Amino acid sequence: LRFDGFGEWIVILFAIGASVFGKDGFNSFLDEHYIVSELVLFCLFSIFALHKQAEALPDKKSRNSLMNPRYVDTEKSDDTHITIREGITEIPSNLFKEMKHIVSVTIPDSVVKIADNAFMGCKSLRDVIIPDSVTNIGANAFSNCSSLKNIKLPASLTKIEEATFRYCFGLKEINIPESVSAIDKFAFEDCLYLDNIDIPTSTTIDKTAFKGCVSINGSAKATI
């Protein structure tokens, strides 16, 4: 069980005390041991406050990775927004995987590849603009970015790989560039609110690419 409110813990404490001593006995105990009961409440409140403060901070792995000077321009970045350093040509596999505090990303036009799982599980990520220099976005690169609402795909992209945008529940529209020759399996699986898709007629689409996309309108379904 998880209890997020201090008041909930107090109710539980009193319930346990009443069950052990009886209602009258527990009240009598509190009256006779006023200082002890106050100390217990103070300790509980302190523990609760420290717990909530720790929850609000990015974990150590997140903070250290976000500030990796090899890939991140630390002067233009913080715990929620990252700017990839100029001159970087590839965002490596798993670099920002499960970094749940990232909200937005700026990618320079020196980048040509975003590798597998690069931003997988970045559940707070909302906005990404991918420059036209990028020709390859790996499998699962943005999978499970459940808050992702806006993403611009580069005009030079040649293929949308397996599960690249799987479980991007917040994604409502996507414009597939003319350069994309194929959309691989599960590419947009369970993008539940995706209802506006522009796909070139020359693009080959795997039959599972839009599996579970229940909001796709009639014209888009006909295209698929």
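1. The structure holds 5 salt bridges, a salt bridge being a side-chain nitrogen of Lys or Arg within 4 Å of a carboxyl oxygen of Asp or Glu. This is a predicted model: local features need pLDDT of at least 70 and side-chain atom pairs count only at pLDDT 80 or more, while totals for chains, interfaces and linings use all residues. Residues are numbered from 1 along each chain as its sequence is written, and side-chain values use heavy atoms, with hydrogens and water left out.

2. One of the salt bridges joins the side chains of Lys 152 and Asp 132 (3.7 Å, N to O). Lys 152 lies in strand β7 (residues 150–152) and Asp 132 in the loop between β5 (127–129) and β6 (136–137), so the pair ties together parts 20 residues apart in sequence. Helices (H or I, at least four residues) and strands (E, at least two) are DSSP runs, numbered from the N terminus.

3. Asp 184 and Lys 159 meet through their side chains in a salt bridge (3.8 Å, N to O). Asp 184 is in the loop between β10 (182–183) and β11 (196–198), and Lys 159 is in strand β8 (residues 159–160). Lys 159, Glu 161 and Asp 184 are linked in a network of salt bridges.

4. Asp 206 is found in the loop between β12 (204–205) and α5 (218–223). Leaving aside neighbours within four places in sequence, Asp 206 is in contact (heavy atoms within 4.5 Å) with Ile 183, Asp 184 and Lys 185. The C-alpha atoms of Asp 206 and Phe 186 are separated by 8.0 Å.
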